[in-house]
Each structure stands twice: as C-alpha cells, then as structure tokens.
Amino acid sequence: MLTMKRRSMICLLVLLTIGLLSVKLTPRDKLEEVCNDKIPLSICANKTQHRLEENALENEDKKHVVREAKRIAIYYGMVMVTFINKAFVPFLTNWMCHTDKMVNYSQVLVLVTDKSVYRDISAQYPSLTVVYISVFEEMNGRQKYCTAGFMRIGIYRTRVVNWLIQENIPVFLFELDALWVSNPMSFVTSKKEYDLTIIPTYEKSFEAAIGFYYMRNTTRMKLLWAELVYRLDALDTTFSCLHNEDLVRSNHNDQIQLMELILEHYRNIVIYFLPLNRFLDGKWYKNPNTEQLKNAFILNFNFIIGIQEKIKRAKRFGHWFVADDHVTCVRPSVEMTLRNQIKNNNKNSGSIK
C-alpha cells in the first residue's frame with residue numbers, strides 16, 4: 001500500500017515538474033493533418049508484405065554493431081549512438097563543426113544506411129566509429145512524417161538499440177538535427193536512480209521524444225525495450241503492404257508506443273524527464289529567447305517539416321556552421337554565435353552592457 005501511494009506521489013511530482021518547466025504549447029502544431037488516420041487496420045490483410053524481417057543480413061549487421069558498441073563501452077561505460085541516412089549527412093557535418101571542442105568523438109557510434117555515405121564519413125571523420133547497416137538501405141531517401149517509411153525507420157532504430165541494451169550496454173541515443181550549446185552528457189547520465197532519462201515533448205502526461213534518451217542496462221529497462229520492439233513489430237505487420245511513401249495514422253510510431261508503455265508503468269520502469277528549459281525544442285524559433293538558449297544544453301531543429309526547411313531556419317538564426325561546399329566548417333563557434341545574438345538583442349532593446 002505504501003508503495004502505491006509513493007508511486008502516485010512520484011507521478012504527480014513528475015507531472016507538476018514538467019508543467020512548471022514547459023512553455024505553453026499548441027497540440028502538435030497540426031502535424032496530424034499530414035497523416036491518414038482513416039486508414040483501415042485491415043488494409044494489408046492477405047496482401048504482399050514488406051516487413052522488416054530478421055534475416056542473415058540483419059544478423060551480420062547485429063554482429064558488427066554490437067562488436068563496435070562493446071569496444072566503446074569497455075573504455076567509456078556507455079556508447080553514444082546516432083543514425084543517419086543519405087539525406088541526413090548535412091546534419092552530421094553541422095554537428096561535427098560545432099561540437100569539436102565539447103564532445104569526445106571516440107564515444108560516438110554512427111550507424112549508416114548507405115554504403116557510399118559510410119565510405120565518405122569514415123574517411124572524413126576518422127575519430128568516429130562508423131558502421132554500415134545493409135538491410136536498411138531502402139530508407140536512404142527523405143522519409144516524411146507519418147509515412148510508412150518514417151514509421152519503419154523508428155521501428156528499425158528501436159530494434160537496433162535493443163541489440164545493445166540486451167548485451168548490457170548503456171545507450172545514449174541522440175539525433176543530429178540539433179544545436180548543442182553545451183555538452184549534455186554529464187547531466188543526462190548523472191540520474192543514476194533512473195532506468196531511462198528522456199526529453200518530454202509536451203505538457204501532457206508522459207509523452208517522450210524518442211530521438212534523445214539515455215538508458216541504463218537495468219533489468220527493467222531491458223524488459224520494457226523488448227516489449228516495445230514486440231509491439232512495433234506488430235505495428236509493422238499491420239501496414240506491411242504499404243510503400244514507404246504511403247501515409248499511416250498519426251499514433252502509429254515508436255514515440256506513441258513508448259508513451260503507452262510509460263503510462264502502463266510497464267515493469268515499474270523509473271523515468272527521469274529532462275527539463276524543457278534546458279533541452280529546447282524547435283518551437284523556440286517562433287519566440288526566440290537568447291538568454292534561455294544561453295542556459296540550454298541543446299536546441300532541437302524539430303517542429304518544422306522538411307530537411308531543407310530545417311537547414312534554412314538554422315542558417316537564418318546563425319545555427320548552421322557549414323559552408324556552401326557542404327564540407328568546410330564555418331566559424332564563429334557556438335559561443336561566439338550566442339554572444340553576437342545577445343549583443344544584437346541588447347542593441348535592439350536599447351540596453352547597454
């Protein structure tokens with residue numbers, strides 16, 4: 001009885017904390033409008049299937065990924081993991097250009113779905129550990145939100161992370177389409193009493209951004225993630241006959257499936273929700289606050305649809321550090337960019353510093 005009361009109090013405190021740290025948000029900024037919530041769940045019954053089946057190639061991929069992750073974890077106690085396809089290469093370049101003084105790249109495992117990209121990145125960034133994932137090469141195009149291809153990327157990414165956590169490797173997963181103001185590593189990994197440390201996406205209860213999290217190799221974490229893979233595989237079966245560009249329902253993705261497990265308190269998982277005022281999302285660009293950004297760890301480039309649109313917005317705010325040749329890094333540093341933005345804000349407001 002005491003345990004149930006304590007759990008309820010913890011849940012209430014988490015909800016209150018998220019509410020205090022969050023800014024007022026709008027419901028998903030109408031992203032559901034690009035989805036197809038009327039698609040019948042029986043659409044793929046008795047039709048040709050294109051499921052992400054386990055096969056010999058995937059087993060080879062698993063062997064290579066786990067081997068390299070273990071090698072990193074031996075030295076650092078965990079592994080930083082990110083995924084890129086061909087369309088996401090510019091974000092890797094931008095991230096490398098502005099984190100060179102804050103990140104130890106020996107901790108980073110980059111999982112690539114294109115053989116030519118694998119060769120280029122391995123040559124250009126020898127400090128990174130890069131692994132080519134062969135069975136996912138069909139996902140190299142720009143997968144739009146709410147398409148079957150977008151859904152499958154989330155499913156496969158979750159499956160790959162499961163390879164690692166089941167091998168007792170703690171995982172810090174992050175996405176490259178973001179500005180890192182300062183290194184979040186020590187803050188994110190310091191919550192030792194929690195199984196999962198993750199960013200909440202909205203004020204509403206327990207929805208988490210599945211593109212940025214740190215998971216410890218606890219029994220609870222392993223059981224929850226294995227169940228998430230199981231549920232996502234069932235979702236993949238439901239829409240197995242669809243082409244990557246076909247639209248699916250707005251709630252059929254890895255993020256929503258994880259939220260449902262969290263709401264179920266599956267296996268009594270213990271979660272720490274990162275503060276939204278330190279881990280900013282793309283809504284910051286609608287009402288820019290330079291002082292808030294100065295005190296943040298990261299600013300995500302989300303809440304805008306399209307890779308080129310993300311890049312244009314980042315350039316407009318001075319958050320893009322790559323020259324037009326798509327290779328050369330452009331200075332100033334992140335610190336200089338923030339100082340210039342503060343100076344401009346002060347000049348516009350008439351204040352003197």
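Trainee: As what does Glu-175 count at 30% relative accessibility: buried, partly exposed or exposed?

Mentor: This is a predicted model in which local features need pLDDT of at least 70 and side-chain atom pairs count only at pLDDT 80 or more, while totals for chains, interfaces and linings use all residues. Residues are numbered from 1 along each chain as its sequence is written, and side-chain values use heavy atoms, with hydrogens and water left out. Buried means under 20% relative accessible area, exposed over 50%, and partly exposed in between (1.4 Å probe, protein chains only). The relative accessibility of Glu-175 is 30%, so Glu-175 counts as partly exposed.

Trainee: Which residue forms a salt bridge with Glu-175?

Mentor: A salt bridge is a side-chain nitrogen of Lys or Arg within 4 Å of a carboxyl oxygen of Asp or Glu, and for Glu-175 and Arg-157 the closest N and O atoms are 2.6 Å apart. The pair is 18 residues apart and links distant parts of the chain, with Glu-175 in the loop between strand S4 (171-173) and strand S5 (178-180), and Arg-157 in helix H5. Helices (H or I, at least four residues) and strands (E, at least two) are DSSP runs, numbered from the N terminus.

Trainee: Which helix holds Asp-254, the residue that is 97 residues apart from Arg-157?

Mentor: Asp-254 also forms a salt bridge with Arg-157, and here the closest N and O atoms are 3.5 Å apart. This pair again links distant parts of the chain, with Arg-157 in helix H5 and Asp-254 in helix H8.

Trainee: How many disulfides does a search of the whole structure find?

Mentor: A disulfide is counted when a pair of cysteine sulfur atoms lies within 2.5 Å. Cys-35 is joined to Cys-146, Cys-44 is joined to Cys-241, and Cys-97 is joined to Cys-329. With bonded cysteines counted along the chain, the pattern is 1-4, 2-5, 3-6, and the number of disulfides found is three.

Trainee: Is the disulfide of Cys-35 and Cys-146 right-handed or left-handed?

Mentor: The sulfur atoms of Cys-35 and Cys-146 are 1.8 Å apart, and both residues are buried. The torsion about their S-S bond is about 95 degrees, so this disulfide is right-handed.

Trainee: How many residues apart in sequence are the parts that Cys-97 and Cys-329 tie together?

Mentor: Cys-97 is buried, with a relative accessible area of 2%, whereas Cys-329 is partly exposed, with 34%. Their sulfur atoms are 2.0 Å apart, and the link is left-handed, with -80 degrees about the S-S bond. Cys-97 lies in helix H3 (residues 89-99) and Cys-329 in the loop between helix H10 (307-316) and helix H11 (334-349), so the separation of the parts tied together, in residues, is 232.

Trainee: Which helix contains Arg-231 and Glu-227?

Mentor: The side chains of Arg-231 and Glu-227 meet in a salt bridge, 2.8 Å from N to O, and Glu-227 counts as buried at 19% relative accessibility. The two residues are separated by about one helical turn, because they are four residues apart in helix H7.
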